[in-house]
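Hi,

Here's the structure I promised to send over. Have a look at it first, then read on for what turned up.

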Amino acid sequence: MTEAADIALWIQHLAGSDSRQKAESGMKLYLAGVDLCMPLLSKWVGDPEFRELTLPTSPSGVETVGAGLRPAPTTSALPAHFPPSTIIVGIAVHP
């Protein structure tokens, strides 16, 4: 589990002038956020009813993303009404 002090430091680095450090800190924040939500997402995706309601299927009816949370296919492989699967991680900070 990521320590709160690490997260606070990464957030501070986002305001710095070093573009490499900003990018690395942003990625670390993203990965920490994904790490926090993956146990719940894995449980949800493991539920057949949830998968049926939320995950796109190919024209043959086969799921394009399975319980292992593999990356979603490219947009061109999905029906027009299904955007690719993504995980968005946000942070809230004092202005």
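Why does Met27 count as partly exposed? Keep in mind that this is a predicted model. The relative accessibility of Met27 is 46%, and partly exposed covers the range between under 20% (buried) and over 50% (exposed), so that's the label Met27 gets.

Met27 sits in helix α2, which covers residues 19-45. Together with Tyr30, Leu31 and Ile87, Met27 forms a nonpolar patch on the surface, and the four have about 340 Å² of accessible area together.

Now for the rest of α2. Ser25, Leu29, Ala32, Gly33, Val34 and Val45 are the buried ones there. The buried residues of this helix pack against α1 (4-14) and α3 (48-54). At the start of α2, you'll find a side-chain oxygen of Asp18 within 3.0 Å of the backbone nitrogen of Arg20. Further along, look at Met38: α2 bends there by about 45 degrees, and Pro39 follows within four residues.

Zooming out, the chain has 3 helices and 0 strands, in the order α-α-α from the N terminus on. Of its 95 residues, 17% are buried. As for contacts between residues at least 6 apart in sequence, 33% join residues at least 24 apart.

Cheers

How values were computed:
Residues numbered from 1 in each chain as written. Predicted model: local features only at pLDDT ≥ 70, side-chain atom pairs only at ≥ 80, totals over all residues. Heavy atoms only, no water. Helix = DSSP H or I, 4+ residues; strand = E, 2+ residues; numbered from the N terminus. Buried < 20%, exposed > 50% of the residue type's maximum accessible area, 1.4 Å probe, protein only. Contact = heavy atoms within 4.5 Å. Patch = residues over 30% accessible without salt bridge, like charges linked within 9 Å, V, L, I, M, F, W, Y side chains within 5 Å. Areas by Shrake-Rupley, 256 points an atom, 1.4 Å probe, with all protein chains shown as cover. Salt bridge = Lys/Arg side-chain N within 4 Å of Asp/Glu carboxyl O. Bend = angle between axes of the 7 residues up to and from the residue. Polar contact = N/O pair within 3.5 Å; in protein donor to acceptor, adjacent residues only side chain to side chain.
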